[in-house]
Amino acid sequence: MRNNQIYLNPSEMPREYYNILPDLPTPLAMPLNPATKQPVGPEDLAPLFPEELIMQEMSQERFIKIPEEILELYSLSRPTTMHRAYRLEKALGTPAKIFFKYEGTNPAGSHKTNTAIAQAFYNKRAGVKKIVTETGAGQWGSALSIATQHFGIDLEVYMVKVSYDQKPYRRTLMQLHDAKVYPSPSDRTNSGRQILEKDPNSPGSLGVAISEAVEIAANSSDTNYALGSVLNHVMLHQTIIGEEARLQLAKVDEYPDIIIASAGGGSNFAGLSFPFLRDKLTGDKKDLRVIAVEPSSCPTLTKGKLAYDFGDTVGFTPLLKMFTLGHTFIPPAIHAGGLRYHGMAPTVSNLYENKTIEAASYHQIEVFDAAKLFLTTEGILPAPESAHAIKGAIEEAKKCTERNEAKTILFNLSGHGFLDLSAYASYIDNNLEDYKLPDEVIMRYFADLPVVD
Ligand SMILES: *Cc1c(COP(=O)(O)O)cnc(C)c1O
């Protein structure tokens with residue numbers, strides 16, 4: 001039998017996260033306090049995050065030891081399997097070798113569990129009793145609910161209202177883990193009330209939900225905030241994916257020529273690619289290509305602007321230097337909810353600015369076509385977010401066919417799609433739309449960017 005899956009034993013699980021900050025091609029721009037425009041220090045972040053996470057956010061250590069308690073919880077679903085997509089290769093008739101790392105095997109069904117467990121652990125160690133967060137379609141909220149339930153921390157989740165109403169199953173998963181879930185905008189915060197006053201039927205957005213969660217955490221002493229992507233410490237925790245992938249590919253004497261992942265806030269992309277980018281930034285793998293794939297309707301890297309911007313809609317968060325579509329931009333309602341964010345992680349933005357990595361964007365329907373081909377060849381139903389990476393991998397494999405090159409392609413299958421079947425039903429019924437986003441529309445939101453100089 002052919003070896004479709006490459007395993008790691010639990011004893012081989014990596015014991016350190018990789019911190020890319022000291023290896024970035026140019027130093028990372030400091031986050032700024034929006035009122036003073038001065039760099040944010042640890043004390044500014046203390047109302048929201050425990051000290052150990054703030055240290056990780058700013059650390060210049062290349063490797064950070066993973067505590068035993070985190071490793072123990074990871075071991076429920078890690079190491080995750082590396083797959084060789086032989087049947088997809090055959091269907092494409094490509095000489096390329098396609099590998100993927102599958103992060104959908106934990107109960108939340110996505111890579112977000114990797115940072116949820118770490119963030120809950122460090123909050124617990126700091127004596128935090130309650131965490132408030134936001135969630136879009138519910139992937140992050142459900143991952144965090146599993147982790148907080150384990151560590152005995154209360155969790156309150158502000159869930160974007162359209163998803164709260166239309167995608168009830170992840171809400172149920174959060175509630176099973178004892179989380180309190182509220183539709184956002186809510187009347188529980190000034191931010192929510194402000195939005196509802198303008199539009200009582202507001203469908204909500206991730207940016208608004210972040211404003212609600214941050215507002216609550218900033219105003220209560222025993223309550224912290226947690227974010228599922230974008231921040232440096234989140235990228236750090238996700239590097240467990242790439243560290244495992246390195247060991248797995250080494251077992252079959254492979255090293256990727258091309259790495260591909262979807263990018264919403266950048267965390268699954270960072271998780272898979274940063275440990276390999278270490279070799280490009282500090283070693284001899286100068287030809288390694290790394291591609292972030294995003295939706296054409298939320299083209300943060302491919303059409304956005306590198307600027308200081310807020311992480312939320314109302315304007316509570318520190319200003320981050322990142323590729324952004326503007327914090328007032330509300331992306332069209334595509335089914336890859338996890339990719340509907342206006343900004344991109346500052347680390348990923350830095351690498352893109354320095355041309356260390358590339359970006360590509362695809363429309364919704366061609367992405368679902370790729371998902372269907374993947375399902376029917378490899379037997380896994382991908383999350384619509386992950387299907388963006390599949391589409392990217394298929395396009396690169398086709399180029400290999402044209403050029404008769406046997407490149408090794410590695411992509412991240414960031415989650416499964418079993419709670420997205422309503423989106424697949426729309427696809428089958430021809431009810432999916434490709435939203436065209438004219439450049440004039442994108443430019444409009446740049447006018448709301450904060451003025452920094
Ligand atoms: C949230 C999510 C994403 C996008 O978030 P990143 O931080 O960019 O990784 C991608 N895939 C899945 C399955 C998700 O849940």
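In which sense do strand β11 and β14 pair, and over how many bridges?

**View 1. Pairing of β11 with β14 in the predicted model.** Strand β11 (residues 289-295) runs parallel to β14, joined over 5 bridges (two strands pair if DSSP finds at least two bridges between them; strands are DSSP runs of E with at least two residues, and helices runs of H or I with at least four, numbered from the N terminus). Pro295 stands opposite Tyr362 in β14. This is a predicted model, in which local features need pLDDT of at least 70 and side-chain atom pairs count only at pLDDT 80 or more, while totals for chains, interfaces and linings use all residues. Residues are numbered from 1 along each chain as its sequence is written, and side-chain values use heavy atoms, with hydrogens and water left out.

**View 2. The open sheet.** The 7 strands follow the order β1-β4-β5-β15-β10-β11-β14, with mixed pairing. Because β1 (5-6) and β14 (358-362), at the edges, each have a single partner strand, one side of each is left without a neighbour in the sheet.

**View 3. The largest cavity.** This cavity (on a 1 Å grid over the protein atoms alone, a set of points where a 1.4 Å probe fits but cannot get out; lining residues have an atom within 4 Å of a point) has a volume of about 80 Å³, a volume being the space filled by probe spheres set on the points, which are joined across faces, edges and corners. Of its 13 lining residues, Pro295, Ile334, His363, Gln364 and His388 lie nearest the centre, and helix α15 (residues 364-378) gives the largest share of the lining, 3 residues.

How values were computed. On a 1 Å grid over the protein atoms alone, a cavity is a set of points where a 1.4 Å probe fits but cannot get out, and a pocket is an open set with protein on both sides within 12 Å along at least five of seven lines; lining residues have an atom within 4 Å of a point.
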